[in-house]
Amino acid sequence: MIELNNISYHYPSHSALVLSNLSLKLEDGRIYGLLGENGVGKTTLLGLMCGLLRPSVGSATIDGTPAIKRDPDVLANLFYVPDEFSFPHVSLKTFVKINAPFYPAFDTEILHNCLAEFSMPQSLNRLDQLSLGQRKKVMLSFAIASGAKTILMDEPSNGLDIPSKAQFRKVMASAMTEDRLIIISTHQVHDVENLLDNIVMIDNDHLLLNKSIGEISEDYAFLTVTPGQIVPDVIYSEPSIGGINVICKKLPDQEETQVNLEMLFNAVTKGLIKQ
């Protein structure tokens with residue numbers, strides 16, 4: 001579990017706060033989608049969660065241990081996949097030999113299975129020569145194979161082509177266990193919307209939304225209607241090729257609909273749906 005208590009943060013070179021007085025509890029056994037507009041502090045928040053950044057005010061803990069301590073036992077169960085990274089001039093075999101010992105639960109078979117799902121070869125001689133999409137596939141595969149209980153991902157589907165994004169969803173779904181906590185920060189909501197258990201949306205100075213997909217489905221219906229069709233309790237609407245997409249209050253006898261994350265994001269950021 002990751003717990004944030006009244007977190008505020010500003011970078012030393014800037015006086016303005018990136019995050020202000022943010023409190024949040026993220027529980028094991030769930031995949032969280034971390035959403036927000038550009039510049040609101042999603043990457044900063046991930047850095048605070050894993051102890052790479054020290055909060056200006058407040059605290060961040062991982063299973064009760066302060067993240068900033070970078071405790072070896074905690075780090076052995078924590079893996080962070082950043083948006084941008086590079087590999088050294090080594091083979092995959094050497095990279096695994098150097099880094100796998102930091103993760104006691106590392107499983108080589110899982111690594112090979114994940115690489116196979118991504119249609120990547122098992123032997124790679126020069127990791128530094130891989131494309132962005134290939135680097136992402138290798139790092140995501142290593143993260144899952146690490147056996148880490150907590151995995152943080154910043155824009156993991158960036159650089160992946162359309163078939164690879166489908167493979168990504170399959171790999172992530174198979175990697176989930178009851179004691180694992182996965183947090184995915186992304187702008188590519190369509191890449192992950194069928195994966196997520198909970199949605200967390202942030203603004204600089206407050207939490208906009210923290211609800212499970214189940215709670216959202218119980219409260220709201222996401223429909224496509226024809227122009228002129230009367231729909232009660234419409235909260236948000238936008239035109240689409242097939243008609244008009246709407247979010248409305250779900251009626252007691254109405255069937256649950258699939259959550260449209262893009263529409264939900266737009267409605268929340270406009271203040272039409274609140275925490």
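## Where helix 4 meets helix 5

I110, L111, C114 and L115 in helix 4 contact K137, V138, S141, F142, I144 and A145 in helix 5. By class, this contact has 8 nonpolar, 1 polar and 1 charged residues. The model is a predicted one.

Helix 4 spans residues 108–117, and helix 5 spans residues 132–145. Their axes lie 8 Å apart, at an angle of about 145°. The crossing of the two helices is right-handed.

## The buried side of helix 4

Three residues of helix 4 are buried: L111, C114 and L115. They sit on the same side of helix 4, because they cover an arc of only 100° around the axis. An α-helix has 3.6 residues a turn, so residues three or four places apart point the same way.

What covers these buried residues? The cover includes helix 3 (92–99), helix 5 and helix 6 (162–175).

## The ends of helix 4

D107 caps the N-terminal end of helix 4. A side-chain oxygen of D107 lies 2.9 Å from the backbone nitrogen of E109. After helix 4 comes S119, which has a positive phi, near 60°.

## A76, a buried loop residue

A76 belongs to the loop between helix 2 (72–75) and strand 6 (78–81). Is A76 buried or exposed? A76 is buried, because its relative accessible area is 15%, and buried means under 20%.

Leaving aside neighbours within four places in sequence, A76 is in contact with F102, Y103 and P104. P156 is 80 residues from A76 along the chain, and the C-alpha atoms of the two are separated by 21 Å.

Terms used
Residues are numbered from 1 along each chain as its sequence is written. This is a predicted model: local features need pLDDT of at least 70, side-chain atom pairs count only at pLDDT 80 or more; totals for chains, interfaces and linings use all residues. Side-chain values use heavy atoms; hydrogens and water are left out. Axes are lines fitted to C-alpha atoms, for helices over the stretch in contact, and angles run from 0 to 180 degrees between N-to-C directions. Helices (H or I, at least four residues) and strands (E, at least two) are DSSP runs, numbered from the N terminus. A crossing is left-handed if the near helix is turned anticlockwise from the far one by less than a right angle, and right-handed if clockwise. Contact means heavy atoms within 4.5 Å. Ala, Val, Leu, Ile, Met, Phe, Trp, Tyr, Cys and Pro count as nonpolar, Asp, Glu, Lys and Arg as charged, and the others, Gly among them, as polar. Buried means under 20% relative accessible area, exposed over 50%, partly exposed in between (1.4 Å probe, protein chains only). The arc is that of the directions from the helix axis to the C-beta atoms. A polar contact is a pair of N or O atoms within 3.5 Å; within protein, one must be able to donate a hydrogen and the other to accept it, and residues adjacent in sequence count only if both atoms are side-chain atoms.
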